[in-house]
Each structure stands twice: as structure tokens, then as C-alpha cells.
Amino acid sequence: MTGIIYECVGGVYSVKTENGFISCQARGLFRKDDTVLLTGDRVTVENDIITEIMPRKNSLIRPPVANIDKLFLVVAVASPDPSLYNIDKMLAVAAYHNIEPIIVFSKSDLDDPFGLLDIYSDLPYKTFRVSVESESDLDQIRAEIKDSICVMSGLSGVGKSTLLNRLDPSLDLKTGDISKKLGRGKNTTRTSRFFDIAGGTIADTPGFSSLSFESYDIRNRAFLSDCFPDFSEFTDDCRFTDCSHTKEKGCAVLQALAEGKIKPTRHENYCKMYEELGVYKHWEDKNSK
């Protein structure tokens, strides 16, 4: 029997099969091989034991999910304060793993002190806005979920669970408040778990406060510019084929930046990521990204 892992709690996996949900454990060999089973894994089950993981389309460690088509990055315009670096990094991570990133601006009825709407609404990403007062984009978000396997990600306290409750009130997920002392949200979601809503499947995931490229198996910074779609129309015009787009003379990306065709914060964060990744040691695995 085959199925998809919808949730894991304490080593017990909830697997959806054609006959409904069953609770399973993983065979001991997975632990010996340090194989981590993820929400979204397609698996084979025999006598309530997961015996095999089918090849993955993609996988993420934070949030821990696999075989994702779309990633909804929920970003609060304020309360908690957004991190533009984490936003750009998560967008790059999604693109790197061939996942379509979609930005959802929550609390969009609040003032936008960081200019998020100005920065990201003009970029080649699908964007939606939600607020307590507005229902306008909810139907469009539901349309994006239909026939897709999705994940909802973002900082703690941005309203991921609240948004899911609004998309499907029957979920009745627990939601939390913002810590006034810390200025950030409290995690109410402890594990990644799938829900079937709007004709598709979406995972609610624990919030994060920081992101590490190492956690996403990203090592080669030569591929980083491919993860910035706002750079793509300019990169082919660079003087050098191995241009880093950080400081070279004749760089078309830098020219576009100077002409206002690329947002300054996007290029600043790209350069910061480029340095964070460091020099790729191609001899370790020259065929790997």
C-alpha cells in the first residue's frame, strides 16, 4: 500500500492512503541510515510499517517537507517586524529547489514602515494581501492551492495558522499573539502537517527566526543569481560568463541596479548571501549545486 505522510508526532506517522489515514512507524533501517522521513514523503506501507520512501521531487529541512509545488511565504508588513534578508533568502531557497514561491502579505491593513509592498509587488512573484478587514485575495489564494501540494512558511507570529483558518474555518487551528517583550511571534505550530483544503493540499509549519543555507543543502554560490528572477533579464548581458554580479566592471546587473531597474535591498541581500555561501569547493562534489 502506498500513501503520503501528513504528519509525524513522536515517531508515529499519519499516512494518507486510498483507504484513508493510518498510523505507522518507520522501519529501523531508516534510523540506522540516518534517513529522515518528511511530511509530504510518498511511502510504501506494509503492516503499519513504512518500508520505503519513493524518490522525492524536492525537499526542505526548515520547514521539514517534501514534494512541494508551491511555497506561500507569509510576511507581516509589521508586528512582528519583517526581515528582508530572511524574505529574500527563503525566496531564493524555494527557487533553488524548483518550488514556486508566492508572497502573502498579512496584516496589510497596518502601516508599511519597511516598504515591503513597494519592494515586492513590482517583482516577478505572485503576491497577495490579507488583513482582518479584507477577504479580497482569499479566493485567489484558494485557486493557487487547488490541484497543488503547498507549504505555508514564514516567521513566527506572521499569521500562518490564522490565514489557514480563514481559508478553511473547519480547521480551527490554534493561533498565538506577538510577544511584546521580544517583538516576535510565539510558535503555536510544533510540527509540519498537511491539510486538504481548497481542492489541494497545504502544510502548516513551525515559524522560524533565522535561516541557514546549510540546512537547505545549498553550497554553490555560482547558482545564486538564478534564484533572483529580477536579475535574469540582465545576467546574459554581463561581460564575463562567470560574473558574480557583485562588483565586476561590465556587469549588466550592476548597471540595472544603477538605473533603478533592480531594487537596492534585493541586490544588497544577494551580495550578503553570496558572501555567506563563501567559495565553493568544487572538488568536493563538482556535479552538485
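## Salt bridges across the predicted model

At 31% relative accessibility, K16 is classed as partly exposed. Here, buried denotes a relative accessible area under 20%, exposed one over 50%, and partly exposed the range in between (1.4 Å probe, protein chains only). The model is predicted: local features need pLDDT of at least 70 and side-chain atom pairs count only at pLDDT 80 or more, while totals for chains, interfaces and linings use all residues. Residues are numbered from 1 along each chain as its sequence is written, and side-chain values use heavy atoms, with hydrogens and water left out.

A salt bridge places a side-chain nitrogen of Lys or Arg within 4 Å of a carboxyl oxygen of Asp or Glu. There are 13 salt bridges in the structure. One of them joins the side chains of K16 and D196, at 2.5 Å from N to O. Because D196 belongs to strand β14 (residues 193-197) and K16 to strand β2 (residues 12-17), this pair ties together parts 180 residues apart in sequence. Helices (H or I, at least four residues) and strands (E, at least two) are DSSP runs numbered from the N terminus.

K57 and D69 also meet through their side chains in a salt bridge, at 2.4 Å from N to O. K57 lies in the loop between β5 (49-53) and β6 (59-61), and D69 in the loop between β7 (64-66) and β8 (70-76), so parts twelve residues apart in sequence are tied together.

In a further salt bridge, the closest N and O atoms of K89 and E276 are 2.8 Å apart. K89 is in helix α2 (residues 84-96) and E276 in helix α8 (residues 264-277), so the pair links parts 187 residues apart in sequence. Elsewhere, salt bridges with shared partners connect K70, E100, K126 and E144 into one network.

| Residue | Relative accessible area | Class |
|---|---|---|
| D196 | 37% | partly exposed |
| D69 | 24% | partly exposed |
| K89 | 2% | buried |
| E276 | 39% | partly exposed |
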